[in-house]
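The points below are grouped by topic.

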Amino acid sequence: MKLLLLCLGLTLVCAHHGENHDVVTSNFDMSKISGEWYTILLASGVKEKVEEQGSMRMFVESIQALDNSSLLLKYHKKINGECAELIFVGDETEEEGVYSLSYDGYNEFHVVEADYNDYVIFYFLNYHNEEITQGMELYARKPDVSPQIKKRFEELCKNHGIPEENVQDLTNADRVSFPVCGSMQCAASPATHS
Ligand SMILES: *[C@@H]1O[C@H](CO)[C@@H](O)[C@H](O)[C@H]1NC(C)=O
């Protein structure tokens, strides 16, 4: 019995240790970012950008690290009440780990923190008509994450001066109430909608 309790105790210690053990905050291995993701939280210095109809309000499907060091990013988004699939290629800039892509102007982004099998946090700057807006995104491997990770994300946003009220939780958003998205019926690009 004592031995059993000891074993149980050790297992708990190990399980607890394992919780934070995989969090990476630098030297990211982008090949480990590859795969399916779900948008969990979105934050922007300009709140409208992450609200309904906002340009940043979109749902990630997958990220793929390409051999040429670019990233292939797939999203879906509600545009004029319909689902559109958005596909981007983010090219690595001169700065290692910093990627750029064109959407709603020009964007530069990098990973801030990741637990490759659980979540990833991106920070980005959007340049649009002389305006620079910062934003952050929390993606997860499953449709939701622990409250601790959401808290952590809000903390990081605050550190960058993005207030908590500019953080949108998309776990219960249109992703579920918008059944067309995620199926093959998505349009290939928003340009096909007029
Ligand atoms: C890498 O390959 C992708 C897909 O072929 C392409 O769109 C992208 O521009 C390439 N990146 C660079 C830096 O050449």
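**Overall make-up**

The protein chain has 3 helices and 10 strands. The model is predicted, with a mean pLDDT of 86 for the protein chain. Read from the N terminus, the order of elements is α-β-β-β-β-β-β-β-β-β-α-β-α.

- The protein chain has 194 residues, of which 27% count as buried.
- Taking contacts between residues at least 6 apart in sequence, 50% join residues at least 24 apart.

**Confidence**

- In the protein chain, 78% of the residues reach a pLDDT of 70 or more.
- Residues 13-18 stay under 50 in pLDDT, and the model gives them 0 contacts beyond four places in sequence.
- Residues 182-194 also stay under 50, but here the model has 20 contacts beyond four places in sequence.

- The 10 strands make an open sheet with antiparallel pairing, in the order β1-β3-β4-β5-β6-β7-β8-β9-β2-β10.
- β1 (35-36) and β10 (167-169) are the edge strands; each has a single partner strand, so one side of each has no neighbour in the sheet.
- β10 is joined to β2 by 3 bridges, and the two strands run antiparallel.
- Within this pairing, L41 stands opposite D169 of β10.
- β2 is also joined to β9, antiparallel, by 6 bridges.
- S44 has G135 in β9 as its bridge partner.
- β9 pairs in turn with β8, in the antiparallel sense, over 10 bridges.
- β8 and β9 form a hairpin with 2 residues between them.
- In the turn of this hairpin, N129 has a positive phi of about 45°.

**The nonpolar core**

- The largest nonpolar core holds 36 residues.
- Those with the most contacts inside this core are L41, A43, Y119, I121, L138 and Y139.
- At least two core residues come from each of β2 (38-44), β3 (59-65), β4 (71-79), β5 (82-92), β7 (106-115), β8 (119-128), β9 (131-140) and α2 (147-159).
- The element that gives the most to this core is β8, with 5 residues.

- I121 is found in strand β8, and its opposite residue in β9 is L138.
- Is I121 buried or exposed? I121 counts as buried because it has 21 C-beta neighbours inside 10 Å, and the cut-off for buried is 20 or more.
- Leaving out residues up to four places away in sequence, I121 touches V112, E113, A114, M136, L138, F153 and L156.
- I121 and I149 lie 28 residues apart in sequence, with a C-alpha to C-alpha distance of 9.9 Å.
- Which residues does A43 touch, not counting those up to four places away in sequence? A43 touches V50, G135, M136, C157, I162, N166 and V167.

**Ligand surroundings**

- Around the ligand are L66, N68, S70, V89 and D91.
- By class, this shell has 2 nonpolar, 2 polar and 1 charged residues.

**Loop residues with positive phi**

- N27 is in the loop between α1 (2-21) and β1.
- The phi of N27 is positive, about 50°, although N27 is not a glycine.
- N27 counts as exposed because it has 7 C-beta neighbours inside 10 Å, where the cut-off for exposed is 12 or fewer.
- D104 is in the loop between β6 (99-102) and β7.
- D104, also a residue other than glycine, has a positive phi near 55°.
- D104 is partly exposed, with 13 other C-beta atoms within 10 Å.

Definitions and conventions:
Residues numbered from 1 in each chain as written. Predicted model: local features only at pLDDT ≥ 70, side-chain atom pairs only at ≥ 80, totals over all residues. Near = placed C-beta within 6 Å. Nonpolar A, V, L, I, M, F, W, Y, C, P; charged D, E, K, R; others polar. Core = buried A, V, L, I, M, F, W, Y, C linked by C-beta atoms within 7 Å. Helix = DSSP H or I, 4+ residues; strand = E, 2+ residues; numbered from the N terminus. Contact = placed C-beta atoms within 7 Å. Pairing = 2+ DSSP bridges. pLDDT = per-residue confidence, 0-100.
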